[in-house]
Amino acid sequence: AAFKSGDVETSRSLHGQALALAIEAQDPSGTAQALGGLMRAARRDRDFEELEALAAQGDGLAQAFDDPSLRRFPVHMRAEGLRMQGRLVEARSAYQESIALNRSLGSEGMVAVEHGNLAWVEIAAGNLQRADELVSICADGVDTEYVYGRAFVLLTRARILAERHDPAARVTLDEADALLASEGLVWDPAEEPSYLDTRRLVASLQT
């Protein structure tokens, strides 16, 4: 909750405490969740070395307990970090790995989300038609009560419209803003640069 509201320091502190408690309790699920929270904080700081170190710990945890579900955070966070760095080929591969992993675990909601994330890789690569297809898969699979997910779909569609010089991009992006604001949420570190770039691109369509 602290992270989603933009309070990264509180989030980092709480996840650090949670990690210590989970390790002491020998709770692999709690350990994985705490590591995931710390990975999010590392992404917010754009500390990709720390992100990779934490993801490696998560991989080791999954291997130690022979539990592939514990790899969900490391695989997803690594993919996000690669996208943020513009390493598109590696990011595409990592997202595809995450989609396959979550599908094998029956986590269809996360499968949908990762298709949306993969859409941004294709936007960056200039493959707008493929991005359109991917965000539609995401939209179909995102729970209607998942407000951030719905805003993310709107942001993605706004960017595709903006790339096509369609003025409808502004209305779509404003809808995404209003939806986030209604819940007191902020953009995730992986989405924030994309949002700012999209906002600038939309503004340029009006000049």
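**Notebook: pockets in the model**

I looked up the second largest pocket, and α6 (108-124) gives the largest share of its lining, 4 residues. Helices here are DSSP runs of H or I, at least four residues, numbered from the N terminus. This is a predicted model, where local features need pLDDT of at least 70, side-chain atom pairs count only at pLDDT 80 or more, and totals for chains, interfaces and linings use all residues. Residues are numbered from 1 along each chain as its sequence is written, and side-chain values use heavy atoms, without hydrogens or water.

I noted a volume of about 220 Å³ for the second largest pocket. A pocket is an open set of points on a 1 Å grid over the protein atoms alone, where a 1.4 Å probe fits, with protein on both sides within 12 Å along at least five of seven lines; lining residues have an atom within 4 Å of a point. The volume is the space filled by probe spheres set on the points, which are joined across faces, edges and corners.

Of its 15 lining residues, I found R83, M84, W120, A124 and S194 closest to the centre. Two or more residues come from each of α4, α6 and α10 (192-205).

Next I checked the largest pocket, at about 1,200 Å³. It has 44 lining residues, with K4, R40, F73, M110 and Y146 closest to its centre. I see α2 giving the most to this lining, 8 residues; α1 (8-24), α2 (28-44), α4 (72-84), α6 (108-124) and α8 (147-163) each supply at least two.
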